[in-house]
Amino acid sequence: MKITFPHLGNTYICVKALLDDLGVQYVIPPFNNKKGLELGTKYVPEMACLPLKINIGNYIQAYRQGADTILMAGGCGPCRFGYYCEMHREIMRDIGYEMDIITLEMINGNVSELFANIKKLAGGTSPLNAVIATIRMIKIAKQVDEIEMLAFKIRPREKIKGSTDDIYKDFRNKVFLEKGCRRILALISRTREELLGIDTDKSFQPLKIGIVGEIYTTIEHSSSFDIQNRLGNMGVEVDRQVTVSGWIIEHILKKAFHLPRKLEYAKEAKPYLATMIGGHAQETLGHTVLYSKKGYDGVIQIFPLSCMPEIVAESILPKVQVDFGIPVLTLIIDEMTGEAGYLTRVEAFIDLLKKRREQRNDLIIKPAF
Ligand code: SF4
């Protein structure tokens, strides 16, 4: 068995560490690039979600490097994510690439299938080792997210432009040279020290923007033209509450063990959307309210074309803007999106936020697309 898995931001770091410790062979697909997207777009129905197209591109590239089994997270709807696993299997079969799929999912809160698949993945490893490796993997997921959030804070304040990017990119590449959770945790720790050592302007008060939207396009930077890091380089501090570790801890672990979850966003979203409709629509609305209450200058919503939950959230956001007076820019992405036009809209939004801060009035911007 040679595992592969789709790229989703820094998830490859956590999965690599887990598979190293389990002694499982794997192939990490090349970082998302134009070639992979072209491959995915060629074989996936046009109206399918962009993440599905990128995932298929990842699998094709990994298959060609010897992978025979896909490891992916699953869900049970109500959006299309619920049948992603079967779609992946069928599309790969249609292409002529027969691959097994291990889906880590919990149907109706039932952990037995999740454990069965972890056991299948672990192969000959003892259950105790599998549990230890999984706990370490979760620790890595949390620390990697913390590193990213730290970079979001330091980037706009750095005195020498590019310092944060250099360290962060170096970290993402150095991970390939490290094997196992312990060594990767040590690398994370060194990277944290390097980031904290960057010379920053402590008096600078950057614009603050909250990032909301569909999980893949907000976490996988390549799918949204690296907008969050670019904002940092434009002197804007960004924040994003939807993270991989949050998804593992809040949506999988706490559900599995019936532990109380952090649902502040759902409380804030309730007057606008009281029901979970799939994806992260409730998070999008709830976090927009929370960002407004925390004094953020604006919010950017990002999602792939035809993403059902985010279209619903987008249609409700103008009401949230009016109620809380926070400007929201909506960015919709597919494989045809042009980078230049996308960035022009972001730059115009930043200019507006700067003016708004200067003037301290209550300008409300309707989402434009
Ligand atoms: S959340 Fe949106 S992009 Fe993701 S699977 Fe559901 S519909 Fe597709």
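This is a predicted model: local features need pLDDT of at least 70, side-chain atom pairs count only at pLDDT 80 or more; totals for chains, interfaces and linings use all residues.
Residues are numbered from 1 along each chain as its sequence is written.

The protein chain is divided into domain 1 (2-134) and domain 2 (206-369), with bounds that come from an automatic or database domain assignment. A distance of 26 Å separates the C-alpha centres of domain 1 and domain 2. Across the boundary, 24 residues of domain 1 are in contact with 23 residues of domain 2; two residues are in contact if their C-beta atoms, placed from the backbone, lie within 7 Å. On the side of domain 1 that touches domain 2, the elements that give two or more residues are α1 (11-22), α2 and α3. Helices (H or I, at least four residues) and strands (E, at least two) are DSSP runs, numbered from the N terminus. Helix α3 gives the most to this side of domain 1, with 4 residues. By class, the residues of the side of domain 1 that touches domain 2 comprise 15 nonpolar, 8 polar and 1 charged. Here Ala, Val, Leu, Ile, Met, Phe, Trp, Tyr, Cys and Pro count as nonpolar, Asp, Glu, Lys and Arg as charged, and the others, Gly among them, as polar.

Helix α4 (residues 84-95) has 12 residues and reaches 16 Å from its first C-alpha to its last, close to the 16 Å expected at 1.5 Å a residue. The expected span is 1.5 Å times one less than the number of residues in the helix. Tyr84, His88 and Ile91 are the buried residues of α4. A residue is buried if 20 or more other C-beta atoms lie within 10 Å of its own, exposed if 12 or fewer, and partly exposed in between, with C-beta atoms placed from the backbone. Seen down the axis of α4, the buried residues fall within an arc of 75°, so they line one face of the helix; the arc is that of the directions from the helix axis to the C-beta atoms. An α-helix has 3.6 residues a turn, so residues three or four places apart point the same way. The buried residues of α4 pack against α2 (34-43), α3 (50-63), β3 (69-73) and β4 (100-104), whereas Glu86, Glu90, Arg93 and Asp94 are exposed on the other side of α4. Gly96, which has a positive phi near 105°, follows α4.

Two single residues within secondary structure were examined. Gly36 lies in helix α2 and counts as buried, with 24 C-beta neighbours inside 10 Å. Leaving aside neighbours within four places in sequence, Gly36 is in contact with Pro30, Ile54, Gly57, Asn58 and Gln61. Gly36 and Gln61 are 25 residues apart in sequence, and their C-alpha atoms are 7.1 Å apart in space. Ile3 lies in strand β1 (residues 2-4) and is buried, with 22 other C-beta atoms within 10 Å. Residues up to four places away in sequence not counted, Ile3 touches Leu19, Val24, Gln25, Tyr26, Ala67, Thr69 and Leu71.

The loop between α9 (215-219) and α10 holds Phe225. Phe225 is not a glycine, yet has a positive phi of about 55°. Asp226 has its place in the loop between α9 and α10, and its phi is near 60°, a positive value in a residue other than glycine. Phe225 is partly exposed, with 19 other C-beta atoms within 10 Å, and Asp226 counts as partly exposed with 14 C-beta neighbours inside 10 Å.
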